[in-house]
Amino acid sequence: MKIDEPVTKETIECLGVLAGLPLPAPRRDKLVPMASALIAAANELNRKMAEGRRRGVSPITRFPER
Amino acid sequence: MTQVDLLNLTIAQAAPRLERRELSPVELTEAMLQRIAAVNTQLNAYITVCAQQARDVAQATERMIRAGYYLGPLHGIPIALKDNIYTRGIRTTAGAKILADFVPDEDASVTARLKRAGAIILGKVNMHEFAWGGTTDNPHYGTCRNPWNPERFPAGSSGGSGAAVAARTCLGALGTDTGGSIRLPSSVNGIVGIRPTIGRVSNYNVVPLAWTMDTVSPMTRTVEDCVTMFEVIAGWDPLDPHSAQVPVADYRAELGRGIRGLRIGLIRDYSLTHVQKAVGDAVRSALKTLEDLGARTEEIPMPSIHGNISAQLTIESCEPSAYHQEWLRTRPGDYGEDVRTLLEMGEMYLATHYIQAQRYRSVLRREFVEGFRQVDVFVTPTLPFTATPCGATEVVIENNLKEDMLSAIMQFTGVPSLAGLPALSLPVGFDPDGLPVGMQVIGRPFDEGTLFRLGHAYQGATSWHTKSPRL
């Protein structure tokens, strides 16, 4: 598997194993197109948020903050 | 009063009549129950109707008011609650087969507050399963439909709340909003709904979707009615760790202040971009009305705005998947197909995806805080499109291009959810097919009062909120 390859059934199977989530073949098929789009978008957001100018940014996990 | 007169009463119109004993809570409740019986087969807005309980409470209310014990403007007002809000002794399904037999032994804090204020609970309304979706196409309790056109969706996840209020089956309802679930159905059903600042209203004993974004709030026909319900449920709750110890403002006093001098921000290359023509036209027309009332508009840049949909989908996927981890492994077949897929998808993300999405919220919030130095509120459409056909998974916004419904529906509502800001949706017109258009107004943290003030001024100058569906 290469870093720029699209998400495949094998990728989904691997992620399912890591999560301890059994995913029969029809479920893996279903997840491939969705994961391809959403993980690519999340990776793009990762890239932006990892930029040096953002190193001082911490996550908000608790509201409220005024 | 005729049956039609009773159904068209707002809370603000009914309350003084109830107080003066010119209107009986029994008569009002009975009119609503008859209306539910007449339209619910078509709309599927209610999962559970508590007819006998509502009648019993209405009779007790009548005796109380006759004896001189009037509790305030919600006393004797029939309302509905979304079915993920706990109600003691009444099943609370969250729109899920998994919770089909769940009968809570205590109320949600918001339920308890509404009961203490004298509201009469008519029933529990339909929703997208576990609130994880925006269509209310529910595989277990039936597809909820839009009263303006039952072939169209009521949006979601609080679709039952939106349809129930618009169809005049109750005078107000509670919904919940994580990424838009109050504002989206408010928009497509032509009613008012507010997402509060996170921490303003208690989430205690509400089935969660995503802990860091969930909120509860009212959906009504007018802004004034929204204030009446909001005043009752807002405020600190020691039972909810996310609840804020911030004083609750006098929202009613805000309503009469008008909007002269109010500064309205439009987010550059975003607020009026990538929307259906009718939606853009209606929002531009509403902005003109607000300017005529004394507000002024200006464009504000917000460079990081375009990462919002990915951040929202990441957080809104991962947090529910954590909550549902056990059921997803032991009862996967009991979920509807769409929700099961989304929950499985939530387990495909890496921890870094989730954390970067939470860091993005800090960036977005900071840009809003900067923007609020120049303006008092921001405006966008609530949705870039009007109600789509029931069952649609794609939508056309412009250039005949089909887009995925889940991403398209979050285009504008996800932003205040991520930034933890309050946002009001109010009706601002109709498209050529007679389907309502909504406008979203985003405010500073804990400044719901300014949103109510703007909305009330707008409704004082327009009549969109007085239109009712022909059903």
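Modeller: Rings of Phe, Tyr and Trp count as a pair if their centres lie within 6.5 Å; planes over 60 degrees apart make the pair edge-to-face. The model is predicted. Over all chains, the structure holds 14 aromatic pairs.

Biologist: Why is the pair of Tyr86(B) and Phe102(B) called edge-to-face?

Modeller: Two values settle that. The centres are 5.2 Å apart, and the limit is 6.5 Å, so the rings pair. The planes stand at 70°, and edge-to-face begins over 60 degrees. Therefore Tyr86(B) and Phe102(B) are edge-to-face.

Biologist: What does that pair tie together?

Modeller: Parts that are 16 residues apart in sequence. Tyr86(B) and Phe102(B) both lie in the loop between β2 and α5 of chain B.

Biologist: Is Phe102(B) buried, exposed or partly exposed, and what makes it so?

Modeller: Phe102(B) has a relative accessible area of 26%. Buried means under 20% and exposed means over 50%. The value falls in between, so Phe102(B) is partly exposed.

Biologist: Why are Phe372(B) and Phe378(B) called an edge-to-face pair?

Modeller: Their centres are 5.3 Å apart, with 65° between the planes. The distance is within 6.5 Å and the angle is over 60 degrees, so the pair is edge-to-face.

Biologist: What makes Phe372(B) and Phe378(B) buried?

Modeller: Phe372(B) has 7% relative accessible area, and Phe378(B) has 0%. Each value is under 20%, so each residue counts as buried.

Biologist: Which residues form one aromatic cluster?

Modeller: Phe130(B), Trp211(B), Tyr323(B), Trp327(B) and Tyr335(B).

Biologist: Turn to the backbone. What sets Ala94(B) apart in its phi?

Modeller: Phi of Ala94(B) is near 55°, a positive value, and the residue is not a glycine. Ala94(B) sits in the loop between β2 (78–82) and α5 (109–116) of chain B. Its relative accessibility is 0%, under the 20% limit, so Ala94(B) is buried.

Biologist: Where does Asn205(B) lie, and why is it called buried?

Modeller: Asn205(B) lies in the loop between β7 (192–195) and β8 (215–220) of chain B. Its relative accessible area is 14%. That is under 20%, so Asn205(B) is buried. Asn205(B) also has a positive phi, about 60°, without being a glycine.

Biologist: Which peptide bond is cis, with omega near 10°?

Modeller: The bond from Gly156(B) to Ser157(B). Ser157(B) belongs to the loop between β5 (142–143) and α6 (159–166) of chain B.

Biologist: Now the interface. How many residues does each chain give to the contact?

Modeller: Chain A gives 33 residues and chain B gives 42 residues. The two chains bury about 3400 Å² between them. Carbon and sulfur atoms account for 63% of that area.

Biologist: Why is the meeting of Glu337(B) and Lys30(A) called a salt bridge?

Modeller: The side chains meet with N to O at 3.4 Å. A Lys nitrogen within 4 Å of a Glu carboxyl oxygen qualifies, so the pair is a salt bridge. The count between chain A and chain B is 3 salt bridges. There are also 16 residue pairs in polar contact, both residues at pLDDT 80 or more.

Biologist: Which element gives the most to the side of chain A that touches chain B?

Modeller: α2(A), with 13 residues. The elements giving two or more residues there are α1 (9–19) and α2 (25–49) of chain A.

Biologist: How do the residues of that side divide?

Modeller: Into 20 nonpolar, 6 polar and 7 charged.

Definitions and conventions:
Residues are numbered from 1 along each chain as its sequence is written. Chains are lettered from A and ligands numbered from 1 in the order in which they are written. Side-chain values use heavy atoms; hydrogens and water are left out. Contact means heavy atoms within 4.5 Å. Buried area is the accessible area (1.4 Å probe) that two parts lose on being put together, summed over both. A polar contact is a pair of N or O atoms within 3.5 Å; within protein, one must be able to donate a hydrogen and the other to accept it, and residues adjacent in sequence count only if both atoms are side-chain atoms. Helices (H or I, at least four residues) and strands (E, at least two) are DSSP runs, numbered from the N terminus. Ala, Val, Leu, Ile, Met, Phe, Trp, Tyr, Cys and Pro count as nonpolar, Asp, Glu, Lys and Arg as charged, and the others, Gly among them, as polar. Buried means under 20% relative accessible area, exposed over 50%, partly exposed in between (1.4 Å probe, protein chains only). Rings of Phe, Tyr and Trp (its six-membered ring) pair if their centres lie within 6.5 Å; planes under 30 degrees apart count as stacked, over 60 as edge-to-face and the rest as tilted.
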